[in-house]
Amino acid sequence: MREARSAREGPAVTAWERFADSFFNARVAAEYLPKIVDGFWLTVTLALGIVATGLAAGLALALVRSLGLRPLNWLIVFVVDLFRALPPLVVIALLFFGLPAAGMQLSGFASTWLALSLVLMAFAEEIFWAGITSVPKGQWEAARSTGLTFLQTLRFVVLPQAVRLTIPPLTNRTIAITKGTALASVVAVQEILGAAHAGVSFSFNPTPLTLGALAYLVLFLPVVVFGRWVETRFAWRR
Amino acid sequence: MTRPIIEARGVHKHFGALHVLKGVDLVVAERELVFVIGPSGSGKSTLLRCLNRLEEPSAGSIVVDGIDLLDRRTDINAARRRIGMVFQGFNLYPHMTALGNVTLALRKVLGLPRAEAEARGRAALERVHLADRADHYPGQLSGGQQQRVAIARAIALEPRVMLFDEPTSALDPELVGGVLAVMRELREDGMTMVVVSHEMGFARAAADRVLFMADGMVVEEGTPGEIFGAPRHERTRTFISQIERT
Amino acid sequence: MGWEDFAAAFLNLAIMREASPILVQGLVQTILLSLLVVPLGLIGGTALALLSTVRHPLVRWPLMAWVDVFRALPPLVLLVFLYAGLPFAGLELPAWGAVAIGFFLNTGAYYGEILRAGIESVPREQMEAARSTGLTGGQAMAYVVLPQAVRNVLPDLISNTLEVVKLTSIASVVALPELLYQARQAQSVTYNASPIVAAAAVYSVLLWPVVRLLSRLENRQLAARR
């Protein structure tokens, strides 16, 4: 990264021209745009994969926890606490740099996907669980008194209410963790940041980084605005 | 007396160190309406909740409609659909319409197809005079209407017995009448009912028998005339005079 | 792979002991870094939250755009841009400087949103009551509204602070020698994963009490929302 820092010799021009030439260089932009676009789709793939596995695993853990089997629940709480306490980049490093020592090689993509899925799983379990426990006992009793089984009550009565309650915190947490896909650049995945950073090294010009930042805004700005909307839409009226 | 439909014998319930039911007997005949009264903490709600095993009795036997509820081999979910229950706090499902509340168990427990479940659900809502509110959510209904939907939810399953746990005590006074009217109609249709409540007027007019409970035991029982007119025990007298004053 | 091989690769005490001096150095850096960026973020966030009480559209919309842009940009992107991009504009930032600015922008936006929600949760009458006793707007905000706002969103503030402390690990990318960076160094020298495992253990042991506390607070908060 340092080599790029001294590589900005050029003819005497105005500061603005130099700035524009550095950060908004049309030629460099045209050259590296396809790479950034490829990176964009890689980021999207990675993000969708993390959301799918992370949320599904989190929900599954919360459901298992609702069965109330003591030793199993301690294990779940331990795993959840662990992945809430560990920085995602540390988990990625453990998987990517650590596993080869065990004779197992995960690609950078797989490491990031697995690591962030585990982190999202932990946060999602916690949120789903809080949602499930916040459904009043009377709802369980009413449903069970009509002959619904434990699982039917969970499925038709408790979960719909719990999920509604959990949507705002879950949306925000999912967005925050999904943004962690940029960490994949550390383990050599050519997602947006990885592609942009490589572009800077090759072209000795920061325009690919500008493109990368714009690509992230294109991807996540709507998501953040969506999260804002969800928060007002599902605000609890009472 | 026809054959008993509820036969609970020697029911005990402990909550940790707390001994809430101390050997209660309750026998209810078909088409009978039994009222259970008593001060708070007397165990009357716990007794009611043992009758469909929402609470697990610590000891005793409970047979409802010929089914031994405490037998491990009993399918409790199948038994529960014959025992309707109405709660103090209504406990309607807030994310479902009135009709959705009534039809959920019809579809998932009885396994009826949607159309048939809805027809039966509407008929049940008709019986509580809320056919026009079928598509309303609980939040859009008054407390009295919510409680009537809860009654419809229970009777739609065509239970053999109905349990009422203080069905009117969470209601504003002006809404109580509608719920009691529905209960009276149920009674006239021959439903067997066990009611925990302080609605003395209703008890006088509709009950066959009144049980007075205190400290986890049945202190005395008799016809409404006997219990309200000439209570034999001091505790019953004190309790009834306190209730009537309020 | 047997247990012994696994232990040798991941729980190698000899290597952990060997690496412990630089891991301790890394931990010190992580703590110093946290002590720098958490207050910075809180200052930025408070400023943003106070600005958000201005209802004028010329303040409101740019403010919202600012907050959303910095919530949309992954912090690592911001950091790399500051560290590897800005030198091209003639601005060479040391790693610490890039981290400080990046966290100020990113973390500030998050703290800002939380504190804004907190201020909005305090009934308007509180401000009116305070003003009616002769307090200035600033005094009323500082002594009456903000304390209540902070209390109302305390779980979110703690949760965000936990995330910020964890996020300091990305400073390793710009070669700032904090805990993860040192663990990676030790790992690449020894070709043994134990230093990273040790670093992970340090993080989880230090942050575990916060996670427990939060889980209690959040459960209570969600239950109260019904």
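**Ground rules.** Residues count from 1 along each chain as written, and chains are lettered from A in the order written. Because the model is predicted, local features need pLDDT of at least 70 and side-chain atom pairs pLDDT 80 or more, while totals for chains, interfaces and linings use all residues; side-chain values use heavy atoms, without hydrogens and water.

**Entry 1: the contact.** I looked up who takes part: 17 residues of chain A and 21 residues of chain B are in contact (heavy atoms within 4.5 Å). The size of an interface is often given as the accessible area lost when the parts come together. Here I noted about 1600 Å² buried between the two chains, with 58% from carbon and sulfur atoms; buried area is the accessible area (1.4 Å probe) lost by two parts on being put together, summed over both.

**Entry 2: chain B's side.** I saw that α2 (76-80), β6 (83-86) and α3 (98-108) of chain B each supply at least two residues to the side touching chain A. Helices here are DSSP runs (H or I, at least four residues), and strands are E runs of at least two, numbered from the N terminus. Of these elements, α3(B) gives the most, with three residues.
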